[in-house]
Amino acid sequence: LGSGGLVHAWQWGGGGCGWSWWEPATGQAGVAGTAPGLGRNADGRLEVFAGIDGVLAHSWQQCPGCGWTSWVPVDGSPPI
């Protein structure tokens, strides 16, 4: 968790290459109130769960190594 929400960094290639800057993991801030949980789906996509404004929500990569979806409440409500 960073000051503006959930952030991530990645390594440029393997074998000792440099790292990216910290960037919002889901393209938007808003994670607050709970520590996030992160897992990997069977196809390699990452998915994160967190409490946002008192609502349990999740966001996932659109494909392995791709961008992230908006935060979606797990109860099926519209995206946050």
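Visitor: In β6, which residue is the bridge partner of A57?

Guide: That's P73. Keep in mind that we're looking at a predicted model here.

Visitor: What makes β5 and β6 count as paired strands?

Guide: Two strands pair if there are at least two bridges between them. β5 (residues 55-60) and β6 (residues 72-73) have two bridges, in the antiparallel sense, so they meet that cut-off.

Visitor: And what makes β4 and β5 a pair?

Guide: The cut-off is at least two bridges, and β4 (residues 46-52) and β5 share six, again antiparallel, so they count as paired. To pick out some positions, F49 has H58 in β5 as its bridge partner, while I52 stands opposite V55 in β5.

Visitor: How many residues lie between β4 and β5 in their hairpin?

Guide: Two residues, and D53 in that turn has a positive phi of about 50 degrees.

Visitor: Why are β3 and β6 called edge strands?

Guide: The open sheet runs in the order β3-β4-β5-β6, with antiparallel pairing. Each of β3 and β6 pairs on one side only, and that makes them the edge strands.

Visitor: How do you know that β4 is largely enclosed by the rest of the structure?

Guide: Buried means under 20% relative accessible area. Five of the seven residues of β4 are buried, so the strand is largely enclosed.

Visitor: What makes L6, V48, A50, I52, A57, W68 and W71 a nonpolar core?

Guide: A nonpolar core needs buried residues of kinds such as Ala, Val, Leu, Ile and Trp, joined through side-chain atoms within 4.5 Å. Those seven residues form the largest nonpolar core of this model, so they meet that description.

Visitor: Which strand gives the largest share of this core?

Guide: Strand β4, with three residues.

Terms used
Residues are numbered from 1 along each chain as its sequence is written. This is a predicted model: local features need pLDDT of at least 70, side-chain atom pairs count only at pLDDT 80 or more; totals for chains, interfaces and linings use all residues. Side-chain values use heavy atoms; hydrogens and water are left out. Buried means under 20% relative accessible area, exposed over 50%, partly exposed in between (1.4 Å probe, protein chains only). Helices (H or I, at least four residues) and strands (E, at least two) are DSSP runs, numbered from the N terminus.
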